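Please open the structure in the viewer and display it as a cartoon.

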Amino acid sequence: MSKHVIEDAMRCLQCRTPMCTKGCPVATPIREAIRLLLDSRIAEAGQMLFENNPLSLVCCHVCPQENQCEGHCVLGRKGSPVQISAIEEYISDYYLNIHKPHVSRRTRGKVAIVGSGPAGLTIAFLLSQRDFDVTIFEANDQIGGILRYGIPEFRLPRRVLDRLMDALFASGVRIRPNTAIGTTLTVDDLFRDGYRAIFLGTGVWRPSPLNIQGESLGHVHYAIEYLRNPGVYRLGKTVAVIGAGNVAMDVARTAFRHGADEVYVIARRGAESLAARDIELQFAKIDGAEIITFKEPVRFVDEGVILADTRIEHDDQGNQRVVRVAGTEALFPADSVIIAVGQGPRAVIVSSTTGIEVTDRGLVAVDESGRTSRAGVFASGDVVTGAKTVVEAVRRSKKVAAAMEEYVESLKA
């Protein structure tokens, strides 16, 4: 690992205009971090990465680097780009071992963080560094949100999240696990108890149904629920996964690790149009998944799922649409079927709180700085944008943290 990191770091051209940084949503100072690493100043490199992105160690595991930093590396134009993710992981992992966080003096007012996914964690780190009195309210028993309960261990080791939790505790952040805001406690209760600003980062945990016959049968499951705790499911030996995005690949790979012999990923479009990252698709195939294209479910039955053929049609403007081919319905035998076609937000907080507007998709409506329609309430992450990348949640949340700071300060004027 160390040899690979050093050799790749030495390949960096130290470009005057680093395209890798331009390709990163949070403008990670990659060139500078690599230079510090090679100058034996790894602690400084780690501090630089952490201050720019508190979730640096997470992002190096789960970011689509091929479209961002590594995809913009000039060396990749004619060969292999610098493996920035491996370098960032090495530096960030080292830094968390020696990191001594600033302990918040809690002098600038109470702030509530509802949800501890990527957005909530980012804002908790940033505001505690700025001496706010931060409390995280997490509905589950561990922090991390989608990072812990939606991304498999083999892609993001849980120890990474545990170390971030330790860093939060060390900085003075309070964490209330098993506390869902919108049920026993509400947003109004938080304001009553002295919180000056409230951040909503509750993610998207409501599975998107297909709304077809048989969806309530006992062998049909939803991906976001399955990934939360796959060990409690008994899927059998043959599993069909409906959908072809990154979550579907995570489900397929997880199913193999929990006893499945055969896993089939069912896609409505062709192989060239799959939504999953190419690297995730390749890993799913390596693990044994078979990709079946141009099929879609018609209904679920006890023996599996009825699939029909599909084809792509084009209208006069060149737009594509998927069309079912009549008369092609046939049984696809499967012990279990897992639906992985997306998810949306749950409405617990919004339904229990007045003054928070939502979009026609049920997402929380905000301005460019994360302000909701209710004063003092801010939001970011997937509950605002729908399911996006971790680094996109970090990018938006950095702006929201600044807006929250400005808002609390305005209350003192």
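This is a predicted model: local features need pLDDT of at least 70, side-chain atom pairs count only at pLDDT 80 or more; totals for chains, interfaces and linings use all residues.

Helix axes are lines fitted to C-alpha atoms over the stretch in contact, and angles run from 0 to 180 degrees between N-to-C directions.

Select residues 118–129, helix α8, together with residues 158–170, helix α10. The two helices pack at an angle of about 30°, and their axes lie 10 Å apart. The crossing of α8 past α10 is left-handed. Next, show the side chains at the contact: Leu121, Ala124 and Phe125 of α8 meet Leu164, Ala167 and Leu168 of α10. The residues of this contact comprise 6 nonpolar, no polar and no charged.

**The sheet.** Turn now to the open sheet of 5 strands, whose order is β6-β14-β7-β8-β9 with parallel pairing. Select 220–222 for β6 and 290–292 for β9 to find the edge strands, each of which pairs on one side only. From one strand to the next, the twist averages 25°.

**Inside the sheet.** Select β7, residues 238–242, and β14, residues 336–339; these strands pair in the parallel sense over 4 bridges. Which residue of β14 stands opposite valine 241? Labelling the pair shows isoleucine 338 in that position.

**The helix on the sheet.** Finally, select residues 246–257, helix α13, which packs on the sheet. Helix α13 touches β7, β8 (262–266), β9 and β14. View α13 alongside β8: the directions of the two make an angle of about 170°.

Conventions: Residues are numbered from 1 along each chain as its sequence is written. Side-chain values use heavy atoms; hydrogens and water are left out. Two strands pair if DSSP finds at least two bridges between them. Contact means heavy atoms within 4.5 Å. A crossing is left-handed if the near helix is turned anticlockwise from the far one by less than a right angle, and right-handed if clockwise. Ala, Val, Leu, Ile, Met, Phe, Trp, Tyr, Cys and Pro count as nonpolar, Asp, Glu, Lys and Arg as charged, and the others, Gly among them, as polar.
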